[in-house]
Amino acid sequence: LSTIDMHHHLSRPVSTRICFIRHGETDWNKEKRIQGHTDISLNEVGRVQALAMAFNAAHQRFHAIYSSDLLRAQETAQVLAQREDHTVKLLPQLRERHYGIFQGITAAQGAERYPQAYAYYLARDLDYDFETGESLRGFAERVSEGIDWLVRHHSGQTIAAVSHSGVLDVIYRRATNRPLSTPRDFKIPNCALNWFHFDGQGWHLEAWGDRHHLHEVLTEPPE
């Protein structure tokens, strides 16, 4: 290796920053219904949250804005994209987990109708797929593939990605080395800004749940 090559190999790896944002509130969030792949749009509170989030993120320039292909994420991303003069790029890997037989019902109804499925849900069983949905393990692999794709295509850039609580759960755990199977002991508010960076070594959490822009419009429902 020449001196220049040596210097190049010793230099710090390029860091890619991603601001992950959970979509704004929907009526199903409010009713605590599990949405999964069900395509529900934002409600009025959700639209206000998205505007507040876009306003708060305005001091930051993004090279690109991505979204899950589900409507609630697209509508949230659209508000940010308009402010930034970007078009939203859809990435299906950022979709929420498919909750199979649990989609459209509340966790309480799930406990009543499908006690065995509910036990797996509570235990965060890695291989249970709600009969017609995705296992936690398969879901996490899909999300990881999506994030790795973003990092490959935006090396050294700062981008935003609007997604879902289940997706953010996977990313948070990967960045903080927490197993998927442990109970969730952190909140994932609608429209909060969650900053990560990815270097040659892995994913790192910079800031979680920045929501000073939301004040009283914020609510904290489940998936």
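A: A salt bridge is a side-chain nitrogen of Lys or Arg within 4 Å of a carboxyl oxygen of Asp or Glu. By this rule, the count comes to 11 salt bridges. This is a predicted model, in which local features need pLDDT of at least 70 and side-chain atom pairs count only at pLDDT 80 or more, while totals for chains, interfaces and linings use all residues. Residues are numbered from 1 along each chain as its sequence is written, and side-chain values use heavy atoms, with hydrogens and water left out.

Q: Which residue forms a salt bridge with D169, and how far apart are the closest N and O atoms?

A: The partner of D169 is R124, and the closest N and O atoms are 2.9 Å apart. This pair links distant parts of the chain: R124 is in the loop between α6 (115–123) and α7, D169 is in helix α8, and they are 45 residues apart. Helices (H or I, at least four residues) and strands (E, at least two) are DSSP runs, numbered from the N terminus.

Q: Is R124 buried or exposed? And D169, buried or exposed?

A: Buried means under 20% relative accessible area, exposed means over 50%, and partly exposed lies in between (1.4 Å probe, protein chains only). R124 has a relative accessible area of 16%, so it is buried. D169 counts as buried because its relative accessibility is 1%.

Q: What about E134, which residue does its side chain meet in a salt bridge?

A: The side chain of E134 meets that of R142, at 2.8 Å from N to O. E134 counts as buried at 17% relative accessibility, and R142 counts as buried at 15%. Elsewhere, salt bridges that share partners join R124, D169, R173 and R184 into one network.

Q: You mentioned β5. Why is strand β5 described as largely enclosed?

A: Strand β5 (residues 193–199) has six of its seven residues buried, so it is largely enclosed by the rest of the structure.

Q: Which strands does β5 pair with?

A: Two strands pair if DSSP finds at least two bridges between them. β5 pairs with strand β1 (residues 16–22) in the antiparallel sense over six bridges, and H197 in β5 is the bridge partner of R17. Six bridges also join β5 to strand β6 (residues 202–210), and these two run antiparallel. G202 in β6 is the bridge partner of D199. β5 and β6 form a hairpin, with two residues between them.

Q: New topic: how do helices α3 and α4 pack?

A: Two packed helices are described by the angle between their axes and the distance between the axes. Helix α3 (residues 44–56) and helix α4 (residues 71–84) pack at an angle of about 35°, with their axes 9 Å apart. The axes are lines fitted to C-alpha atoms, for helices over the stretch in contact, and angles run from 0 to 180 degrees between N-to-C directions.

Q: Which residues meet there?

A: On the α3 side are A50, L51, M53, A54 and F55, which meet T76, V79, L80 and R83 in α4. The residues of this contact divide into seven nonpolar, one polar and one charged. In this classification, Ala, Val, Leu, Ile, Met, Phe, Trp, Tyr, Cys and Pro count as nonpolar, Asp, Glu, Lys and Arg as charged, and the others, Gly among them, as polar.

Q: And E84, where is its place?

A: E84 is in helix α4. The side chains of E84 and R61 meet in a salt bridge, at 3.0 Å from N to O. This pair links distant parts of the chain, since R61 is in the loop between α3 and β2 (64–67), 23 residues apart from E84. E84 counts as buried at 10% relative accessibility, whereas R61 is exposed, with a relative accessible area of 54%.

Technical notes: Contact means heavy atoms within 4.5 Å.
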